Amino acid sequence: GMLMTPDMILTLVILLVAIVLFITEWIRLDIVALGVLITLMLTGVVSTQEGLAGFSNSTVVAIGALFVVGGAVFQTGLAARISSGILRVAGGSETRLLVVLMVSIAIMSAFISSTGVVALMLPAIISLAGSLKINTSKLMIPVACAALLGGALTLIGTPPNLIASDTLRNGGYAPLGLFAFTPLGLILLAAGVIFMVM
């Protein structure tokens, strides 16, 4: 079999520590993420150039920014306001809550990045779970599914849809319209919601 290099072992250790910190939340998530990057650079597992190259990757920067926005959503009380709005519509029923939550997240995700939607809604979902005294994880999986299914509702919902359209155009075919995916997307979303509520 393959021998583990010191770099591999080190990376695994750093990853495990990060996972423990993410789960226990002893340290703020954004600080953990930065800490991992700095540790990898200091130990030479990734060169400083590679480590900093992450910052030129728009996705990394975007996800970092979303953590900050998510924190602000929590601190300003916006999360509580969003969650009380959802609760008003859903009443006390957990089934109705799941349906309302999944549909609203899917619709948002049809027009903006699913990562962004989940990061923005995370604080509201956490306070929802708190006020209904249910486990946060019980809401998180349906929410993640809804965000991904929402991406299938429109052409701009998720990058692969745009890539497919571009490929068609480059091949001399008509590109896909904004709502080309919508009929199938709605069927998938309905199936996903029913599956989660069962």
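The predicted model exposes about 12100 Å², and carbon and sulfur atoms supply 74% of that area. Of the 198 residues in the protein, 27% are buried. The secondary structure amounts to 10 helices and 0 strands, and the order of elements from the N terminus is α-α-α-α-α-α-α-α-α-α.

A nonpolar surface patch of about 1000 Å² is formed by Met4, Met8, Ile9, Leu12, Val13, Leu15, Leu16, Val17, Ile19, Phe22 and Ile23. Methionine 8 belongs to helix H1, residues 6-24, and is partly exposed because its relative accessible area is 31%. Phenylalanine 22 is also found in helix H1; its relative accessible area of 35% makes it partly exposed.

**Helix H2**

Helix H2 comprises residues 29-42, and its 14 residues should span 20 Å at 1.5 Å a residue. Its end C-alpha atoms are 20 Å apart, which agrees with that expectation. Val32, Leu40 and Met41 are buried in H2. After H2 comes glycine 44, which has a positive phi near 80°.

| Helix | Number of residues | First to last C-alpha | Expected at 1.5 Å a residue |
|---|---|---|---|
| H8 | 15 residues | 21 Å | 21 Å |
| H10 | 16 residues | 22 Å | 22 Å |

In H8, the buried residues are Leu139, Pro142, Val143, Ala146, Ala147, Leu149 and Gly150. They lie on the same side of H8 because they cover an arc of only 160° around the axis. The face of H8 turned away from this buried side carries the exposed residues Ile141 and Leu148. The packing partners of the buried residues of H8 are H6, H7 and H10.

In H10, which runs over residues 182-197, Thr182, Gly185, Leu189, Gly192, Val193 and Met196 are buried. Their arc around the axis is only 95°, and they are therefore on the same side of H10. On the face turned away from the buried side of H10 are the exposed residues Pro183, Leu184, Ile187, Ile194 and Phe195. The cover over the buried residues of H10 includes helix H6 (94-109) and helix H8 (136-150).

Lysine 133 is located in the loop between helix H7 (114-132) and H8. Its phi is positive, about 55°, although the residue is not a glycine. Lysine 133 counts as exposed because its relative accessibility is 74%.

**Salt bridges**

How many salt bridges does the structure hold? There are 2.

One joins the side chains of lysine 138 and glutamate 94, with an N to O distance of 3.1 Å. This pair links distant parts of the chain, since lysine 138 is in helix H8 and glutamate 94 is in helix H6, 44 residues apart. Lysine 138 is partly exposed, with a relative accessible area of 47%, and glutamate 94 is likewise partly exposed, at 31%.

Another joins the side chains of arginine 169 and aspartate 166, with an N to O distance of 2.6 Å. Arginine 169 and aspartate 166 are separated by about one helical turn, because they are 3 residues apart in helix H9. An α-helix has 3.6 residues a turn, so residues three or four places apart point the same way. Arginine 169 is partly exposed at a relative accessible area of 46%, and aspartate 166 is partly exposed at 34%.

**Serine 165 in helix H9**

Helix H9 covers residues 159-170 and contains serine 165. Is serine 165 buried or exposed? Serine 165 is buried, because its relative accessible area is 4% and the cut-off for burial is under 20%. Apart from neighbours within four places in sequence, serine 165 is in contact with Leu155, Pro175 and Leu176.

Technical notes:
Residues are numbered from 1 along each chain as its sequence is written. This is a predicted model: local features need pLDDT of at least 70, side-chain atom pairs count only at pLDDT 80 or more; totals for chains, interfaces and linings use all residues. Side-chain values use heavy atoms; hydrogens and water are left out. Helices (H or I, at least four residues) and strands (E, at least two) are DSSP runs, numbered from the N terminus. Buried means under 20% relative accessible area, exposed over 50%, partly exposed in between (1.4 Å probe, protein chains only). Contact means heavy atoms within 4.5 Å. The expected span of a helix is 1.5 Å times one less than its number of residues. The arc is that of the directions from the helix axis to the C-beta atoms. Patches are made of residues with over 30% relative accessible area and no salt bridge: like charges are joined within 9 Å, nonpolar side chains (Val, Leu, Ile, Met, Phe, Trp, Tyr) within 5 Å. Accessible areas come from the Shrake-Rupley method with a 1.4 Å probe; for residues, only the protein chains shown count as cover. A salt bridge is a side-chain nitrogen of Lys or Arg within 4 Å of a carboxyl oxygen of Asp or Glu.
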